[in-house]
Amino acid sequence: MTNQQNVVVLDVISRGVSNVLPRSSLPVPKSFSPQDLKMLLMKRFEAENGGAKISAWVDSMRASSPTRIKSSTTASLPETDDTSSWIVHHPSALSMFEQIVAASKGKQIVMFLDYDGTLSQIVEDPDQAFMPKEMRATVRDVARYFPTAIVTGRCRDKVYSFVKLAGLYYAGSHGMDIKGPSKSCKYKKGNQGVLFQAASEFLPMIDEVYKDLVEKTKSIPGTKVENNKFCVSVHFRCVDEKSWAALAEQVRSVLNHYPKLKLTQGRKVLEIRPTIKWDKGRALEFLLESLGYANSTNVLPVYIGDDRSDEDAFKVLRERGQGFGILVSKLPKETNASYSLQEPSEVKEFLKRLVDWKKMSQRAAKCA
């Protein structure tokens with residue numbers, strides 16, 4: 001609310017209704033108290049400014065949902081001056097592979113992997129985002145040689161049902177739900193049975209919001225509401241762009257009743273999350289601490305992700321001056337990542353090369 005509008009409300013309370021509003025502008029009963037009028041004016045202000053908020057949300061939805069480039073094993077970033085400049089600052093992790101592994105000399109590599117758009121393709125139905133068998137085999141090999149965590153906005157149980165590998169750490173709900181490997185693991189420095197939930201008190205609230213959003217959005221074709229335990233995701237990938245404003249309005253109408261929740265955005269998804277100070281970056285730090293590397297200089301964290309929420313982890317690595325973030329994207333975008341890969345097939349190739357390099361290093365060490 002602006003200062004001028006604050007003055008109006010206070011003036012109404014101090015001077016009375018008849019001295020502020022013309023008789024014809026608002027019929028006010030004699031029993032209408034100053035507090036009632038204040039609430040009325042506040043609601044009117046919210047109604048007038050709600051449209052501006054929705055417009056801003058829709059603009060942000062468009063910005064976070066760039067035109068999709070058809071997937072192809074031979075596809076490459078379109079050649080433009082902006083693209084060339086972006087690649088200079090965020091070169092391919094494949095072309096820079098030797099430099100990356102050289103930086104790991106004398107250090108333990110720890111792998112952090114997003115799921116959707118990183119280990120699996122982005123698909124229209126989020127329930128169908130299955131990991132290819134070859135990618136699963138590759139991730140299994142990675143986990144044999146390096147501590148490995150899946151860090152995702154998905155519900156932890158959901159992403160585990162996709163990955164189906166017991167030897168990994170799983171950080172679901174943007175890191176608010178973390179569990180360590182479910183079987184014996186050779187990395188013994190930390191607590192392998194770690195179970196951490198940063199927002200347990202929000203579970204009843206999240207369930208309420210999920211039910212409200214399912215009801216509110218059922219009239220908008222293509223909307224998919226997903227309960228990710230500690231957050232709710234509203235997917236609009238299959239929603240006609242003409243209906244985005246209506247969808248944003250319904251989400252806002254629900255969110256207005258929950259001041260302890262906030263809205264964030266990803267690739268064609270609106271996410272309702274607790275306002276606590278916890279994200280994928282905090283989850284990365286927590287996992288490094290759990291592994292015994294909280295203040296260690298003998299570790300090289302590598303985080304690979306494609307979404308806006310992964311920027312929190314990329315930022316942490318930059319601030320630590322330790323490790324590398326790798327953005328998965330076919331389009332240039334502002335990022336804190338150091339390197340880039342274009343799509344999951346390149347992620348798989350990078351991970352395979354990492355495993356092959358480790359095997360060769362171990363063989364060389366035995367022969368030395």
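## The cavity

From which domains does the lining of the largest cavity draw at least three residues each? They are domain 1 (90-197 + 296-365) and domain 2 (201-274), with bounds from an automatic or database domain assignment. This is a predicted model, where local features need pLDDT of at least 70 and side-chain atom pairs pLDDT 80 or more, while totals for chains, interfaces and linings use all residues. Residues are numbered from 1 along each chain, and side-chain values use heavy atoms, without hydrogens and water.

The structure holds one cavity of 30 Å³ or more. A cavity is a set of points on a 1 Å grid over the protein atoms alone where a 1.4 Å probe fits but cannot get out, and lining residues have an atom within 4 Å of a point. Of the 24 lining residues, Asp116, Ile122, His235, Arg267 and Val269 are the closest to the centre.

## Two helices

Helices are DSSP runs (H or I, at least four residues). The axes of α9 (residues 280-290) and α10 (residues 311-320), lines fitted to C-alpha atoms over the stretch in contact, come within 6 Å and cross at roughly 55°.

Notes
On a 1 Å grid over the protein atoms alone, a cavity is a set of points where a 1.4 Å probe fits but cannot get out, and a pocket is an open set with protein on both sides within 12 Å along at least five of seven lines; lining residues have an atom within 4 Å of a point. Grid points are joined across faces, edges and corners, and a volume is the space filled by probe spheres set on the points. Axes are lines fitted to C-alpha atoms, for helices over the stretch in contact, and angles run from 0 to 180 degrees between N-to-C directions.
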